Every structure is written in C-alpha cells, then in structure tokens.
Amino acid sequence: MSASTTDPLLSIRDLRVHFATDDGMVRAVDGVSIDVGRGETVCVVGESGCGKTVTAMTVLKLIAMPPGRIAGGQILWQGRDLVPLKSDAMRSIRAKEIAIVFQEPMTSLNPVYTVGEQIAEVVRQQEKLGRRAAMDRAIEMLRLVHIPNAQRRAHDYPHQFSGGMRQRVMIAMALSCNPKLLIADEPTTALDVTIQAQILDLLAEMKERLGMAVMLITHAMGVVAEVAQRVVVMYAGKVVEEAPVRELFANPRHPYTQGLIRSIPRIDLAATHHHRLEAIPGTVPSLLNPPVGCRFAARCRYVTDACRAAEPPLREVAPGHKMACIL
Amino acid sequence: MLHYLIRRLMIAIPSLLGISVILFTVLALAPGDPFEELATNPAVPPDVRAHLRASLGLDDPIHLRYISWLTAMLRGEWGFSFVSRIPVEQLILQRLPTTVAVIGASQILALAIALPVGVYAATRPYSIFDQIANTLAFVGFSLPTFFTGLLLILLFSIQLDWLPFVFRTSIEATGWRWWWEMVRQSIMPVAVLGLFQGAAWTRFVRSAVLDVVRLDHVTTARSKGLPESRVTMRHVVRNAMIPVVTLVALQMPAVFGGAIVTEQIFRVPGIGSLLISAILANDTPVIMAVTFVFAGLVIFFNLLADVLYGWLDPRISYR
Amino acid sequence: MAGSTLASATASPATQRPRVGPWQEAWRRFRKHRLAVVSGVVLLALILAVAIGPLLWAMPIDEIDFTARLQQPSWAHPLGTDDLGQDLLARILYGGRISLAVGFAAMAVAILVGVLVGSVAGMAGGAMDAALMWLTDLFLSLPQLPLLLLIIYLFRDTLTGLVGLEVGVFILIVAVIGGFRWMQVARLVRAQFLSLREKEFVEAARALGASRTRLVMRHILPNALGPVIVAASIDVAAAIIAESTLSFLGLGFPPDVPTWGRLLFDAKDNLDFAPHWAMFPGVAIFLTVLSINYIGDGLRDALDPRRIISA
C-alpha cells in the first residue's frame with residue numbers, strides 16, 4: 001500500500017469502527033485506509049455521517065468505547081500500531097505527537113477555567129513544565145495565533161471570546177506541544193464565512209512555521225482546493241477516491257467526487273451546506289444495514305446492475321490516484 | 001465577584017423581609033392573638049410587660065405593628081419563654097450550636113457519601129455498581145428520617161446495645177472520654193440525617209456528572225493526554241458541582257425539617273426539639289422565634305450557596 | 001480508554017419506529033422501566049388494600065383489650081397489637097386511607113395552585129410575572145416544617161371548632177402541605193408558557209382569534225402536562241412523608257386517628273418490647289413512598305425526556 005520510499009507518518013490501514021446502538025451494529029468506518037506523510041496536508045472530505053469524524057477520533061482513540069469498538073485494522077504511527085496500545089501509552093501520544101482541533105469552538109473549551117490555564121494544562125502534562133513556565137508558553141502560543149493582548153487575554157474565560165477567537169485558542173492549545181500531526185475536524189464549519197477564511201489562513205501559516213503534517217476533515221470542497229496536497233474522499237464509511245489535489249480536481253473519476261466538485265459555488269470558494277446538498281440527490285445510506293454493492297449506487301447517475309451486485313474495490317487508475325468505481 | 005456578592009445580598013434582604021411578612025401574617029391572622037399573649041402572660045414581670053406592649057405597639061394599625069414587631073425581632077427582643085422564664089434569645093443561643101453541629105456533621109457525611117458514589121456511578125453508567133447505588137439511593141430517600149431513626153435505635157441501641165439512644169447534654173467525663181461519649185451519642189442522629197441527604201444528593205451528583213461527561217470540552221481534555229482521573233476531577237466533577245450546588249441549596253429547608261425530626265427522636269437539645277416542646281407547651285414566643293431563626297438559617301445557607309455558585313461558575317460572577 | 005465519551009452524532013442514526021400517539025409512546029417508555037411497573041402494581045395493591053381492606057378485615061380499630069396488650073403477630077392479630085390491645089392490621093389499613101388521601105389531596109392542591117400561579121405569571125409577563133416568580137422563589141426557601149408546625153398549632157382549634165376535629169385537621173393539613181409544594185409546578189407551567197407563547201401553532205391560534213382562556217386550556221396546558229405529572233407524583237410522596245412527620249411529632253391528626261405517622265409516634269416508646277408495632281406502619285410508609293418515587297422515575301422517563309431534576 002505504501003509504495004513511497006519513506007514510511008508515512010500516519011498510516012491507517014483497513015480500519016473498521018463499529019458502534020452498538022439500540023437498533024443494531026452501526027459500521028461507521030468500514031475498511032478505511034489513509035496515509036499522511038511528514039509535513040503533508042491531507043484532506044478527508046465527504047458528507048456528514050460518512051465516517052470521517054469517527055476516523056479522526058479513532059486515531060487518538062477518543063471515541064466512546066463502548067458503544068464504539070475498533071473492530072479491525074491498524075493505526076500505524078511512525079510504524080507503531082496504536083490500536084492495541086494501553087491508555088497510558090496512548091496519553092503520551094495525544095497532544096504531544098498528534099493533536100486535534102474540534103468542530104465546535106463554543107463548547108470545546110471548559111467554561112470554568114481561563115484559556116491560559118487550559119493551554120498551560122497540556123504543556124504541564126506533556127512537557128512537565130512548572131506552573132509559571134507553562135503559563136508563559138500558553139501566552140506565547142496565544143500570541144502565535146494572533147490573539148491581541150495575549151498576556152492579558154490568557155486570564156480570560158472562554159465565554160469572553162468570540163467563536164473565531166476560541167478556535168484560535170483551540171489551535172494554540174493543539175500546537176502548544178509541537179505535535180508532528182494536527183488533525184483538524186471541520187475546524188471552520190461552525191464559524192461565520194469571513195472567520196472561516198481567517199482560520200484556514202492561520203492553519204496554513206502555522207503549518208509553514210511549525211512544519212507539522214495536517215489531516216483536515218471537511219465537507220467543503222472549496223476548503224479542500226485551498227489547502228490540500230492530497231485528498232481522500234469518503235462515502236458511507238469507505239474511501240471512494242484518493243488523489244493529489246490537482247489530479248483530483250482536474251480528473252475526478254468517482255461519480256461522487258464529481259458531484260462534490262460540481263457543488264462548489266463558482267464565485268465564493270467557501271462552499272456552504274445548501275449548495276452541496278442540492279447538488280447530489282438523496283442522502284447517505286444507513287450504516288446500520290448498508291446496501292450490497294456500491295454504496296453510492298442509489299444516488300449515482302451512471303448506475304448499472306453490476307454496481308448493485310458487488311462492491312467495487314479501490315484500484316489505482318493513475319500514479320497516486322485510486323478510486324472505487326467500476327467505470 | 002464583589003459586585004456579584006453585593007447583588008446577591010440585596011436579593012437576600014427582600015427574601016428575609018418576605019419571610020417575615022409571611023410569618024407575621026400567619027401570626028396576625030391566628031385566632032387568640034399570639035402577640036397579646038406575649039404581653040399579658042402573668043409569667044412576665046409587670047415592667048417588662050409594659051415595655052413589651054409598647055415595643056410591640058399592640059394597638060397600632062397592622063402595618064405599624066408589623067414594623068415594630070420586625071424591629072423588635074431584629075433588635076433581638078424576642079420576649080420571654082412562658083415555660084422557662086428566660087429570654088428567648090438566650091434559650092436559642094444555648095441550643096443553636098448543637099443544631100448547627102448536628103446539621104453540619106450530617107451534611108459532611110452526606111457529601112462524603114454522595115460525591116464519590118455519585119461520580120463513580122456516573123462514570124460507569126448502568127454497571128452493577130451504578131445499579132446498586134441507584135437502588136440504595138431510592139431506598140435512602142424513600143425512608144423517612146423518623147423511621148430510619150427508629151430502625152437505628154432498634155438495631156444499635158436495643159438489639160446490639162452499642163450506642164445510647166438518648167442524647168445527654170451533661171456527660172460526666174473530661175478530655176478524651178468526653179469526646180468519645182459525644183461521638184458515640186452523635187453517631188445515630190448524624191447518620192439518620194446524613195444518609196437521607198446523602199441518598200438524595202447521590203442522585204443529583206450522578207445525573208449532573210452524566211450531563212457533563214458527554215460535553216465536548218471533556219473530549220478536549222482527553223485529547224490533551226490528561227490521565228483519566230484528572231479528566232474526571234478537573235473537567236467533569238468540577239463542572240458538575242455547579243448544578244449540584246443549586247440543588248443542594250434548594251434542599252436546605254428539607255434539611256432543617258429533617259433536623260427537627262432527628263433532634264426529636266434522639267432528644268438532641270437543639271432548636272428543633274426546642275420548637276416541638278414549645279409547641280406542645282403552647283410557648284408562643286419561643287415558637288415564633290425558632291421559626292424566625294430557621295428562616296434566617298435557610299436564607300443564610302442560600303446566600304452561601306450563591307457565593308459558592310459564583311465562585312464555581314465564572315460566567316455568573318463576571319456577568 | 002474505558003469510559004471515554006464523545007458526543008458523536010454519526011454514531012446514532014435516527015431510529016425509525018412506526019408512528020404512534022404520544023401517550024402510546026409514553027406508555028412504551030414507561031413499560032421499559034421495570035421497577036416503575038412493579039411499583040405501579042405495588043401501589044395499586046396498597047390502594048386496594050386500604051380501600052377495601054377494612055371491609056374484609058372487620059376488626060374495629062379502637063377496641064381496647066387489655067388482655068391482648070403488645071402481642072406479637074398471630075392468627076388473631078396478623079400484625080400484632082398495641083399497648084391497648086388494639087388490632088394493628090385494622091389500624092394500619094384505616095391509617096393508610098388517611099395517609100394516601102392526604103397525599104393525593106395535597107398533591108391536587110399543589111397542582112392547582114401551581115398551575116394557577118404559573119399560568120398567570122406566564123400569561124401576564126412583566127411585573128406580575130416577576131412578582132409571582134419572586135414569590136415562588138421565596139416559598140422555595142421557606143423553612144417548611146417549622147411553618148407547618150406553627151400554622152397547625154395556631155389554627156387547629158379554630159378550624160376544628162368550625163367543622164369538627166377530624167375534618168378540620170384534614171383540611172388544614174392538606175391545605176398547608178399543598179400550599180408549600182406548588183412551586184415546582186408553577187415554574188414548570190410558566191416555563192412552558194414562555195417557550196410556547198411564541199411558537200407557530202399558538203401564534204396561528206391567536207391569529208384565528210382564539211380567546212386567551214381557550215388558548216391556555218387547549219394549547220398550552222396540555223403541553224406542560226408531562227413534566228407536571230412527574231412533579232405531581234413526587235408531590236404525593238412528599239405529602240405523605242410530611243403528614244407522617246407531623247403525626248410522628250404528635251402534632252398532626254388527633255391521637256385517636258391512627259395514621260401511619262401517629263402509629264409510629266405511639267410505638268416509639270415501646271421499641272424495646274414491641275418492635276413490630278413500629279415496624280409495620282414504618283414499612284407501610286416506606287413501601288408507599290418508594291413505589292411512588294419509582295413510578296415518578298418511570299413517568300419521568302416516559303413523559304419528560306428533558307429530565308428535569310426536581311428536588
């Protein structure tokens with residue numbers, strides 16, 4: 001699978017994540033493989049409910065277990081499998097090696113501690129710094145993400161910040177221990193359009209300065225075009241296409257990817273929810289009882305009988321370009 | 001924070017006034033005019049009686065009577081007990097420390113049960129431990145304090161003969177021995193009150209923790225690589241305390257009710273048993289004063305809860 | 001990683017169940033709470049027992065028989081006798097009527113006052129609303145038991161003079177206990193008003209010219225019903241405990257009315273040689289309150305998905 005000369009930083013291989021619900025087993029992630037190289041920006045794109053957030057959370061083992069369960073596959077971090085890792089060992093990976101930024105800046109910070117305290121908490125935990133030194137680092141990080149008056153603002157509580165500012169705080173917190181990989185799970189979805197661009201710019205700037213790899217989870221193709229080097233398209237718990245960003249936009253092969261790209265508004269690159277949903281008819285199938293064959297068949301305009309008979313495997317159609325469609 | 005405190009105090013004052021109005025209304029509407037009794041009781045010396053009549057303004061219109069009654073209450077002129085013929089305030093001051101000690105100890109016991117059990121149960125919802133804790137909590141607050149008290153007496157005093165069932169004020173012993181006897185006779189009253197409140201609070205803590213556990217900021221805390229114990233203590237329990245404080249404050253009147261019953265069962269010489277004996281002896285000034293003291297205590301604890309609340313939740317005190 | 005939790009919407013797809021009415025849905029959820037169902041059966045049995053029990057067990061409650069003092073349970077007296085040789089089963093069955101009647105009647109008073117205060121506050125808004133809510137908060141912080149004792153002490157003689165001892169005390173106790181428990185309901189009803197006042201269907205009804213009273217009766221109160229029923233169940237339990245407490249302190253019903261609390265009051269000085277005397281009425285109170293609390297819990301699951309904790 002990894003044909004590249006150097007091992008990837010993160011290599012998710014054939015990951016399967018199941019959730020037990022009242023109505024049965026939901027296969028939220030069903031055999032997903034994603035590689036992220038050192039310093040690379042990979043975008044994972046797909047509609048809500050396609051398993052991209054669960055994939056991201058599972059990398060850090062932040063899903064609730066139970067009801068969640070890693071049913072199979074490997075998560076290789078610099079060659080070492082994280083799946084069987086004990087929680088102690090897992091903790092030393094979190095924030096220090098792999099950090100994560102969530103979708104909801106309004107609720108992702110604890111309302112009862114100052115933002116400075118919350119950033120300092122990571123530093124103290126992972127780098128064993130003293131209280132003072134950790135707070136200094138926190139202020140430095142806030143400055144880095146362009147929070148004005150960082151020295152003073154560090155002593156403010158989350159409710160005293162706007163949504164965009166809170167997301168900056170989250171990014172500062174995630175980067176405070178110099179992780180090698182930053183997972184950003186829809187970091188701009190909950191923000192105003194103008195703020196979205198600012199946060200994306202900030203992420204790009206941080207990447208340039210600190211040189212970490214980024215795995216950006218998003219449902220907006222516009223964002224993908226702007227920041228990605230490589231793109232992984234997910235649909236209903238599976239990877240349906242993967243390619244370098246130029247190749248993907250120039251030559252999208254999977255009908256779902258084509259639909260996603262068509263759904264980008266021409267003028268404004270930051271796509272909004274409505275455009276995309278209108279562009280592809282229907283919704284993601286239930287992962288409780290996924291249909292036999294191609295999972296996109298019900299919404300695909302090129303559907304044939306063969307699509308419904310067997311699931312098309314992911315195959316390489318050009319160098320570095322894989323897709324799962326019989327066409 | 002100071003601003004917030006002052007505002008809470010400003011809210012507490014009308015509450016206290018409101019309670020005093022309710023109390024006064026009850027007394028004024030009551031047949032037989034309890035105020036009249038106060039002044040005409042032969043046990044009161046004539047000069048004091050004259051002074052009382054004047055200070056209570058018994059012949060004034062109702063609102064003036066309320067004001068003079070309130071000023072008398074606030075000045076600590078609570079009249080004389082018909083039964084023991086000593087000033088009511090003196091009687092209450094004698095008894096109050098015992099009540100506060102019993103309530104305080106039982107609340108500490110209740111917290112010592114509710115916090116660990118509630119948190120542990122909530123972090124393992126629907127486990128065996130959770131189910132047992134939940135069942136015991138239901139049993140605990142469905143058992144009225146007067147019945148628990150009798151059960152404990154039956155078991156520990158009558159069957160096992162381990163603990164005395166009557167609380168004695170004067171223990172003929174000094175030093176360690178005195179403390180030992182005090183502890184022995186306090187165990188049951190404190191346990192009765194503490195177990196009842198502990199059961200109710202366990203449910204509060206459990207449901208508050210369950211509400212916090214699923215919040216996003218807890219996932220954030222885990223993503224920082226914090227140990228699970230630290231996530232639970234600093235990011236779950238700390239936040240869950242905010243609603244718990246409110247619920248505990250709402251429970252304060254019930255706590256005082258429980259204290260009255262407990263004191264009565266074990267004959268603890270606090271203001272609760274003073275109230276009951278005063279009612280049985282038609283000792284009106286004492287009844288009025290004790291009720292007023294209870295009202296004051298409830299307001300005081302509510303204020304304390306407000307302070308705690310403001311301290312726990314920065315969103316409140318900074319607003 | 002045990003116990004790690006993530007609020008992930010992806011994990012729980014919308015469940016599709018056949019469409020049923022809200023009451024069937026509530027009943028389905030209530031049935032899932034096994035202890036609540038068991039408690040429902042227990043409570044029903046208790047109600048039946050006190051309702052028709054005295055007819056089947058025709059022993060008089062006040063027949064004094066000094067030859068049969070403080071007897072342990074036997075065939076002649078299944079629950080034993082007290083210090084006057086009175087049959088405890090008969091007394092407990094009779095006392096249960098009063099305890100349960102007080103519980104339900106006081107609950108009715110509480111609901112009535114609560115709905116009234118809550119509706120007026122919710123409908124009027126403004127200064128009226130603020131004043132009524134202040135009053136509600138004030139009542140929540142009243143020292144209830146001392147006031148209860150004070151009021152009963154002050155008014156008992158007058159009222160019994162007017163309507164007779166038993167009825168007088170019954171009215172007084174029900175009114176006073178109910179008068180101290182309406183606050184929760186008032187808050188719930190008012191909250192319902194505030195959240196529904198601006199909702200579309202109420203707007204539509206108003207636009208169609210529905211009168212205010214009609215609006216309240218037809219559209220707003222039914223929506224507040226679920227949480228109110230839950231609060232009501234808890235009120236019944238609390239009222240039974242309150243009445244028993246008064247009787248236990250010797251300040252409730254007169255001595256010759258054997259309520260459960262009164263039986264305990266009489267029994268408490270004979271604990272060492274007649275523990276059964278205290279055990280049976282105590283267990284009766286406990287069972288009743290426990291089953292009502294469990295039913296309340298089941299009702300909460302069934303009717304009040306927002307899980308409001310009521311103290």
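Mentor: Start with pairing: two strands pair if DSSP finds at least two bridges between them. Helices (H or I, at least four residues) and strands (E, at least two) are DSSP runs, numbered from the N terminus. The model is predicted: local features need pLDDT of at least 70, side-chain atom pairs count only at pLDDT 80 or more, and totals for chains, interfaces and linings use all residues. Residues are numbered from 1 along each chain as its sequence is written, and chains are lettered from A and ligands numbered from 1 in the order in which they are written.

Trainee: How many bridges join β3 and β9 of chain A?

Mentor: Four, between β3 (residues 41-45) and β9 (residues 230-235) of chain A, and the two strands run parallel. In that pair, Val42(A) faces Arg230(A) of β9(A).

Trainee: What's the strand order in the open sheet of chain A?

Mentor: β6-β7-β8-β3-β9-β10-β12-β11, eight strands with mixed pairing. β6 (98-101) and β11 (315-318) of chain A are at the edges with a single partner strand each, so one side of each has no neighbour in the sheet. On average, neighbouring strands are turned by 20 degrees against each other, direction ignored.

Trainee: Which strands does helix α7 of chain A touch?

Mentor: β6 and β7 (181-185) of chain A; the helix spans residues 163-175 and packs on the sheet. Contact means C-beta atoms, placed from the backbone, within 7 Å. The direction of α7(A) makes about 175 degrees with that of β6(A). Axes are lines fitted to C-alpha atoms, for helices over the stretch in contact, and angles run from 0 to 180 degrees between N-to-C directions.

Trainee: Switching to chain B. At what angle do α7 and α10 of chain B pack?

Mentor: About 30 degrees, with the axes of α7 (residues 145-159) and α10 (residues 228-266) of chain B 9 Å apart. α7(B) and α10(B) are therefore roughly parallel (angles under 35 degrees count as that).

Trainee: Which residues of α7(B) meet α10(B)?

Mentor: Thr145(B), Phe146(B) and Gly149(B); their partners in α10(B) include Gly258(B) and Phe266(B).

Trainee: And where are the domains of chain B?

Mentor: Domain 1 is 2-74 and domain 2 is 94-312; the bounds come from an automatic or database domain assignment. Their centres, taken over C-alpha atoms, are 32 Å apart. The contact takes 13 residues from domain 1 of chain B and 12 residues from domain 2 of chain B.

Trainee: Which helix gives the most to the domain 1 side?

Mentor: α1(B), with nine residues on the side of domain 1 of chain B that touches domain 2 of chain B.

Key. Two residues are in contact if their C-beta atoms, placed from the backbone, lie within 7 Å. Angles under 35 degrees count as roughly parallel, over 145 as roughly antiparallel, 65 to 115 as roughly perpendicular and the rest as oblique.
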